[in-house]
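Reader: I have a structure to read. Please take me through a helix pair and a strand.

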Amino acid sequence: MIRTIGVPAETKDGERRVVLEPSAAAMAVSAGFEVRVQSNAGVGAGFTNEAYEKVGAKIVPTAADAWEADLVVKVKEPQPSEWQYFREGLQLFAYLHLAAEPDLARALMASGVEAFAFETLSYPRGLPLLAPMSEVAGRAAAIMGAYYLASGSGTLLGGAAGVTPARVVVVGMGVAGTMAARGARGMDAEVTGVDIDLARLYELHQQGIITSSLASSEMAIAEAIVQADLVVGAALVPGAKAPKLVTRQHIESMRPGSVVVDLAIDQGGCIETSRPTSLSHPTFVEAGVVHYCVTNVPGQYPRTSSRALSAAVAPRLLDLARDPASERLVGALNVSKGQIVYKAVAESLGF
Ligand SMILES: NC(=O)c1ccc[n+]([C@@H]2O[C@H](COP(=O)([O-])OP(=O)(O)OC[C@H]3O[C@@H](n4cnc5c(N)ncnc54)[C@H](O)[C@@H]3O)[C@@H](O)[C@H]2O)c1
């Protein structure tokens, strides 16, 4: 039975989000739970300790105090320094991305934590706890891509009189891909959307969010990428390791100084040359192409992101605290009784 809910401060590099804003903490307090917020956990997003105290949450001095709660809710997957707090009977609710984090998966299994992932919860449809951060990350992808193209190939997305606009290819036209395409279109680039979902491509083309659409195949992607200035990777198979849709050969065919933004990096990346980067060191150059592969892109917009995430998480947090078997948590449970219980995660990890 859950009595206490812990909100530790985030520890991932550059991460300034907090999972519950004070109004969400207030909901949990009114529902009868003791909410323990680590001191200054909300400061990066503009929420003071006093704001939490005002709604009845308890400010606790250390991470250990927050992790002592029956149920811990946080934004990013626990970092190795936090694994010491894992214990039998603890419930954890956070982004986990276990397909790309085998060591974390092992640590959770070995400790007996019951781990629920935001990114695989599918009630009532879609991935409603992933969507708000995909929305932010997609918008950011267009901004980051445009920014790094300046120092890369020196290309402006919108072109100029007598100069064609830049070409952007977005692979995976779900929430993140759509927002990236909208951002790039807003800057007047030519945007090709790639997906396996033709109905989705039709809709986005009709709405003018993409200028052309392409059914996803190795050959089609190769042809589009050779001409691209910016590639955004945003393909997802829920829970699974991201499919490698853009190969090293495709990347080598691009003009030097072109840019790729691989948002799918949190699931292992859908671009072969990608590897995870951090907010402190966001890019590297591989095959002459600038790679931006930050695993916590929304962390750089902590105010907007925390509020959006908190609004989506709070109702499901209450469901979890009251009844972990609630149908409103369908798809969320990833680790239980020492086993990976989400099929696509287990298959990706080979466990
Ligand atoms: N890096 C970050 O900070 C960050 C932040 C938020 C989200 N993300 C990630 O962005 C990715 C996309 O998330 P989303 O919410 O947009 O997912 P989504 O489910 O809304 O969309 C995924 C899309 O990929 C498409 N797809 C699947 N297989 C494909 C294939 N073989 N070829 C082309 N398209 C294919 C699907 O049809 C779908 O339209 C996820 O990996 C998510 O975790 C990363």
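Author: This is a predicted model: local features need pLDDT of at least 70, side-chain atom pairs count only at pLDDT 80 or more, and totals for chains, interfaces and linings use all residues. Numbering starts from 1 along each chain as its sequence is written, and side-chain values use heavy atoms, with hydrogens and water left out.

Reader: Which residues in α6 does α5 meet?

Author: Contact means heavy atoms within 4.5 Å. On the α5 side are Ala131, Ser134, Glu135, Gly138, Arg139, Ala141 and Ala142. Their partners in α6 are Val175, Ala176, Met179, Ala180, Gly183 and Ala184.

Reader: How many residues of each class are in the contact of α5 with α6?

Author: Ala, Val, Leu, Ile, Met, Phe, Trp, Tyr, Cys and Pro count as nonpolar, Asp, Glu, Lys and Arg as charged, and the others, Gly among them, as polar. By class, the contact has eight nonpolar, three polar and two charged residues.

Reader: Which sides of strand β10 are covered?

Author: In a regular strand the side chains alternate between the two faces of the sheet. Buried means under 20% relative accessible area (1.4 Å probe, protein chains only). In β10 (residues 230-233), Leu230 and Val232 are buried on one side, and Val231 and Gly233 on the other. The covered sides are both faces.

Reader: Which residue in β11 stands opposite leucine 230?

Author: Two strands pair if DSSP finds at least two bridges between them. Strand β11 (residues 259-262) runs parallel to β10, joined by four bridges. Opposite leucine 230 stands valine 259.

Note on methods: Helix = DSSP H or I, 4+ residues; strand = E, 2+ residues; numbered from the N terminus. Buried < 20%, exposed > 50% of the residue type's maximum accessible area, 1.4 Å probe, protein only.
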